[in-house]
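Subject: Structure for your review

Dear colleague,

Please find the structure below, handed over for your own work. My notes on it follow directly after.

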Amino acid sequence: MPKRLSQEPQPIVATLDDLATLADYSLMDTLNCDPEGKANGADHAPRQVFSGHYVPVIPTPIENPEYVAHGKDLFRELGFADSMAQSGDFVSMFSGDLAHVPDSMRKVGWACGYALSIYGTEFYQQCPFQTGNGYGDGRAISVLEAVINGQRWEMQLKGGGRTPYCRGADGRAVLRSSVREFLAQEHMHALGVPTSRSLSLYVSKTEKVRRPWYSEGSHSMNPDVLISEPVAISTRVAPSFIRVGQLELFSRRARKKEHPKAMEELEKIVLHLIDREYGDVIDQTLTTAEKVVLLAREFLNRLTSLVANWIRVGYCQGNFNSDNCAAGGFTLDYGPFGFCDAFDPQYQPWTGGGRHFSFLNQPMAAERNFHSFCSAVRPLLAAHPYCLRQLDEIEGEFPKVMQQQMEKMWSAKLGIDAFDAGLFSELAKLMMQTPVDYTLFFRELSLVPDDIEPLKTSFYRGRTYALDPEGIDERWSAWLTEWKSLTQSRSCDELSSQMKLVNPKYSLREWFVVPAYQQAAAGNYALLRELQEVMTQPYAEQSKDVEKKYYRLKPPEFFDVGGSSHYSCSS
Ligand SMILES: Nc1ncnc2c1ncn2[C@@H]1O[C@H](COP(=O)(O)OP(=O)(O)OP(=O)(O)O)[C@@H](O)[C@H]1O
Ligand SMILES: [Mg+2]
């Protein structure tokens, strides 16, 4: 039987009119609109939103938009023509101007409320009304849902202006944070880590906002200057943007019986999530209670796998609260994130994140978010004691499943069939004490070296190393010998090519990104585009020039620099 579907040419979406024919606003049509929301979307002032799943909001376009970049890989996957990213009507729409979109598109977007739990504890303080009713998409506005090649995508502007959830802030994103998020999303996808995707990035040629930031070369922990930065709108794309915090918002309302439809709204948002993110694994015909149990099981698998993948590629989310935890199990909100250079289990670029959200504590942070998730869906099982017991069991399994995922991931990075606790424990100590550059080390190991000399190109040679370099080198040699004895079953070539598929050669280190957004702010996008090119093929060897520039230790002058090694805010 020929595979007809894959042989058919992909439809090409070459114009906004083509895209308009694929529009399908099912979220707006099936979920509840805030009854107090103005249907015309002229709702921009901070206020309490007491019920409903979304508020209609017209985005505020940025002034004089200029094309910066588009997600070339995503365009290809969606069958979009590259030229569309620079066509006038596409630029207008995705820089926030919905006034002139084709007839089958809507001139109003939508923003959603969500709740916040930090490390599993419910918070209300971040809401200006202290009720939780004013917290949510403060600057993220979805503008389109489209079904493309049988897959539904929601397209969301970030920095599209104020919404009722803006909490008095400006609703804008600056070019700096938009460049970071734009590049990181496509890099993560290329690394094979589930993520929201980057569609487009436009900057304003004239509109600026002020943000606290770091002066050049500052070593301060907190920003020490106010700078004026160009505003930008990046559009991100995912099957949905439902966060764990969103389920929590409706669950809290149901728990407190805040309004007669609260439980119904909780059920609707959970079913929406299942439909958007889990439609292929959860049977439509099941009861809600049965679906919720399957949802919890599948989310457990996705979340644990996601976090293991983050650690595999050296990524630290930085602020893994429940409102930054996508219920579809992918990476969302590239705020104070970072890719580590020197291996440090406590690596955390965000000065406000503490150890809670640090690199190797992410499994624990994920467990807390999973707890928030289970608490949020539990009211839907109140009348089903058997399902409740199943949910409790699934929640209790988190540590075990997470551990399995981590061991699987470390084994893959090391090219061994079964996790070896002794081998790993000595490796972790050596990686810390030396310390090694995380990306360089695993890539060099992937070349299956005869001795430790090639591995030494990944050594930062810190204080502990300097005290006894010979001793540490000897331990490395012993470790390498033991590692080799565990990988003997495969030929060097086979082992190497397998390991290179899980150990990237290139990662989006912050000191690469800083000059790219600095040049972009001056109107020069060459470096940004180069980084996009390099970081969307992170496992490929690439050219010698690329290797020289991007496959190297972080230079000493880039350590402890405010705005690069650490940041107190990122928006
Ligand atoms: N400039 C701003 N104007 C209005 N709201 C903002 C602004 N910056 C952040 N927020 C809101 O503050 C909250 C916390 O910010 P956080 O940095 O987690 O999110 P974000 O990066 O804006 O968004 P997201 O989680 O949607 O990627 C979010 O609800 C966000 O919408
Ligand atoms: Mg956020």
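A residue is called buried here if 20 or more other C-beta atoms lie within 10 Å of its own. Arg236 has 26 other C-beta atoms within 10 Å, and is therefore buried. Please note that the model is a predicted one.

Annotated positions

Arg236 is one of the residues for which an unreviewed UniProt entry gives the feature "binding site". Arg236 belongs to strand S10, which covers residues 225-238. Leaving aside residues up to four places away in sequence, Arg236 is in contact with Gln156, Lys158, Gln185, Ser196, Arg197, Ser198 and Leu199.

Asp333 sits in the loop between strand S11 (315-316) and S12. With 23 other C-beta atoms within 10 Å, Asp333 is buried as well.

The chain as a whole

The chain contains 20 helices and twelve strands. Its radius of gyration is 24 Å, close to the 25 Å that the globule rule gives for 571 residues, so the chain is as compact as a globular protein of that length. The C-alpha trace spans about 70 × 60 × 60 Å along its principal axes. Of the 571 residues, 48% are buried. Among contacts between residues at least 6 apart in sequence, 73% join residues at least 24 apart. The domain assignment gives domain 1 (4-247) and domain 2 (409-500), and the C-alpha centres of these domains lie 42 Å apart.

Helix H18 runs over residues 510-521. The buried residues of H18 are Glu510, Phe512, Val513, Ala516, Tyr517 and Ala520. Viewed down the axis of H18, these buried residues fall within an arc of 145 degrees, so they line one face of the helix. Their cover includes strand S2 (65-70), helix H6 (175-190), strand S12 (338-339), helix H19 (526-535) and helix H20 (544-550). Just after H18 comes Gly523, with a positive phi of about 90 degrees.

Helix H6, named above as part of that cover, has 16 residues. From first to last C-alpha, H6 reaches 23 Å, close to the 22 Å expected at 1.5 Å a residue. H6 is mostly covered, with 15 of its 16 residues buried. Gly192 follows H6 and has a positive phi near 85 degrees.

Most residues other than glycine have a negative phi. Asn64 is a residue other than glycine with a positive value, near 40 degrees. Asn64 lies in the loop between strand S1 (55-57) and S2. Asn64 has 12 C-beta neighbours inside 10 Å and therefore counts as exposed, the limit being 12 or fewer.

Gln542, also a residue other than glycine, has a positive phi near 60 degrees. Gln542 is found in the loop between H19 and H20. With 17 C-beta neighbours inside 10 Å, Gln542 counts as partly exposed.

With kind regards

Definitions and conventions:
Residues numbered from 1 in each chain as written. Chains lettered and ligands numbered in written order. Predicted model: local features only at pLDDT ≥ 70, side-chain atom pairs only at ≥ 80, totals over all residues. Helix = DSSP H or I, 4+ residues; strand = E, 2+ residues; numbered from the N terminus. Expected span 1.5 Å × (residues − 1). Arc of directions from axis to C-beta. Contact = placed C-beta atoms within 7 Å. Rg over C-alpha atoms; globule rule 2.2 N^0.38 Å. Domains from an automatic or database assignment. UniProt positions renumbered as here; feature names shortened; annotations may be inferred.
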